[in-house]
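Please read each point with the structure displayed.

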Amino acid sequence: WPIAKVEAAFLELRTAPAKFPWWQIDAAKLACILRAADACAVDERRAKIMPFIITNPRGISRDHWTFQANLNPGSRRDEAMVFQSKRPFERAQMPAWWLAYDALNIADRELRDCDRVLRTRPGIPGLACLPVRRVDGAKDPARLQQLIRVNGWTPIDTSVRIDNPISLVKKLGGWHLYGGDYSAPLRELVQNAADTIRARRTRTNAFAKSSPYPGRVSISLQADISDEQVRKCTLNVADDGLGMPPDVLTGALLDFGRSFWGTEEAAIKYPGLTSDVNFRPTGRFGIGFYAIFMIANDVKILSRPWNAGLTDIMALHFQSGVQGRAELRNYNESEDGPFPLDKSTLVRAQVNNPNWLAQFAATSIHPKTVGATGDAQLFDALETTMRQLFFALDVECEVSINGNSAVLLNQPGILKKPAKVFAKFYNKVFSDGSPDSIFDETEIGLIDSIVDERGVPHSRGVVSASGGRAIHIGGFTVLRSHDSLIKGVTERIAGTASRSAG
């Protein structure tokens with residue numbers, strides 16, 4: 001458990017059985033004793049010689065045996081736990097020394113967390129804390145080598161450190177990464193929404209059986225246009241996926257470079273999800289959310305777990321992009337606006353780049369010129385680009401612009417549709433205007449699919465010498481690239497974090 005769960009679960013003292021009326025059960029202290037004892041059990045008592053000889057461990061397992069066999073049991077020195085080695089670690093044992101360093105850092109963190117929990121409990125004064133509060137030498141290789149000695153080398157911590165994380169996020173989560181890909185901010189928001197909808201499909205039968213492709217991403221744009229210029233624009237992306245409790249909203253979502261779906265946290269929170277063969281998220285790099293800051297500084301995320309009520313909605317509000325700090329608070333309708341009753345998460349961004357809408361509209365495969373008629377042509381071009389972007393996506397997407405009725409953008413399962421249906425929709429979305437400018441009647445009978453071991457199609461079309469069309473990664477079309485061999489749509493695996501090639 002994370003220490004916060006221990007703190008919340010065992011806040012109150014418990015009464016004892018009738019035979020021991022003078023007792024009180026301090027479950028928090030019992031939990032802390034168990035956690036601290038487990039974290040500090042890293043000495044020679046765990047590394048007996050006979051099991052070592054019999055099992056003959058290799059690799060990192062051998063390094064664990066080596067460092068523990070060389071440590072004396074920890075002893076108390078004032079408020080610190082002190083571990084010392086029986087003999088120096090030689091150069092060949094350097095990996096084992098660093099494992100000892102990591103293990104003692106874990107023990108130090110556990111002791112400090114336990115001490116904080118036991119010292120700060122409200123309304124429970126006078127209860128003794130653990131006699132030790134830290135591990136001597138933790139996070140300090142120079143001090144630790146005085147206790148856990150080395151011979152012939154000097155421990156220097158060369159692990160990667162980020163002294164300016166804001167600069168890194170700006171460079172690797174924005175224009176430096178995506179270049180001139182103006183579809184990235186919207187695409188990454190929809191990708192996160194699609195992944196959480198896919199995850200919910202594996203959680204509840206009622207949702208999974210509600211339709212062949214349950215779940216919907218709802219996009220809305222509210223643009224103030226005058227004199228053919230966009231003065232103000234609000235982008236909303238809402239979904240009915242799993243939703244986010246506060247610990248995910250402020251943890252995994254913002255953990256730059258770490259995708260939530262592959263973490264231990266996801267495995268604990270949603271048992272069986274990470275091993276489910278039917279769940280294949282598009283998100284792999286853990287940086288997609290930050291793409292929205294390419295076009296907006298004021299970004300608000302409203303979210304609740306899918307099975308929670310409106311009173312459980314939390315708001316995470318960035319007012320100065322990645323430069324400033326965000327606030328986490330309870331949702332307030334008068335301040336945050338209405339929250340869709342059928343949704344779990346809503347991301348609202350105040351777009352500060354007035355040219356983004358036109359730039360995004362122009363990324364379509366056959367961009368339409370936005371002329372003097374202004375907003376009508378712009379909105380039509382935006383809709384066309386979105387249709388192309390989400391063509392192969394297995395999650396339904398809709399868009400509403402300036403309060404108009406929502407328009408469905410894609411057909412989940414289009415790769416499974418009969419060839420004639422697939423060709424007709426494909427021609428409509430990707431052609432330059434002529435209804436049969438891509439697939440003609442003679443080619444429809446040749447259309448075929450590439451499927452995986454589950455029978456799920458990922459590519460569909462015909463081999464063609466006349467040039468190909470769309471490439472998609474996880475259902476999202478790479479608008480600036482195309483397949484030179486297959487006319488239709490072919491899936492690739494992301495070869496770059498920006499998903500510009502596969």
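**Notes on packing, strand pairing and backbone geometry**

1. E110 has a relative accessibility of 9% and therefore counts as buried; buried denotes under 20% relative accessible area, exposed over 50%, and partly exposed the range in between, with a 1.4 Å probe and protein chains only. E110 belongs to helix α5. Helices are DSSP runs of H or I with at least four residues, strands are runs of E with at least two, and both are numbered from the N terminus. Setting aside residues up to four places away in sequence, E110 touches I3, R35, A36 and A39, where contact means heavy atoms within 4.5 Å.

2. On the basis of the values: this is a predicted model, in which local features need pLDDT of at least 70 and side-chain atom pairs count only at pLDDT 80 or more, whereas totals for chains, interfaces and linings use all residues. Residues are numbered from 1 along each chain as its sequence is written, and side-chain values use heavy atoms, with hydrogens and water left out.

3. Helix α2 (residues 27-40) and helix α5 (residues 94-119) have axes that come within 9 Å and cross at roughly 170°. Axes are lines fitted to C-alpha atoms, for helices over the stretch in contact, and angles run from 0 to 180 degrees between N-to-C directions. The two helices are therefore roughly antiparallel to each other, the class for angles over 145 degrees; those under 35 count as roughly parallel, 65 to 115 as roughly perpendicular and the rest as oblique. Contributions to the contact come from A28, K29, C32, R35, A36, A39 and C40 of α2 and from A107, E110, L111, C114, V117 and L118 of α5. By class, the residues of this contact comprise 10 nonpolar, no polar and three charged. Here Ala, Val, Leu, Ile, Met, Phe, Trp, Tyr, Cys and Pro are nonpolar, Asp, Glu, Lys and Arg are charged, and the others, Gly among them, are polar.

4. Which residues of helix α4 (residues 59-69) are buried? They are W65, F67 and Q68, and the buried residues of α4 pack against α3 (49-55) and α5.

5. An open sheet of three strands runs in the order β3-β4-β5 with mixed pairing. Its edge strands are β3 (75-77) and β5 (134-135), each pairing on one side only. Strands pair if DSSP finds at least two bridges between them. Strand β4 (residues 80-82) is joined to β5 by two bridges, and these strands run parallel; M81 stands opposite V135 in β5.

6. Strands β14 (residues 448-451) and β15 (residues 457-463) run antiparallel and are joined by four bridges, with G461 in β15 as the bridge partner of D448. They form a hairpin with five residues between them, and G455 in the turn has a positive phi of about 85°.

7. N56, in the loop between α3 and α4, has phi near 45° and is partly exposed, at 32% relative accessibility. K139, in the loop between β5 and α6 (141-147), has a positive phi of about 60° and is exposed, with a relative accessible area of 63%.

8. V150 lies in the loop between α6 and α7 (165-172) and counts as buried at 18% relative accessibility. V150 and M94 are 56 residues apart in sequence and 8.5 Å apart in space, C-alpha to C-alpha. Beyond its neighbours within four places in sequence, V150 is in contact with P88, F89, W97, Q145 and P155.
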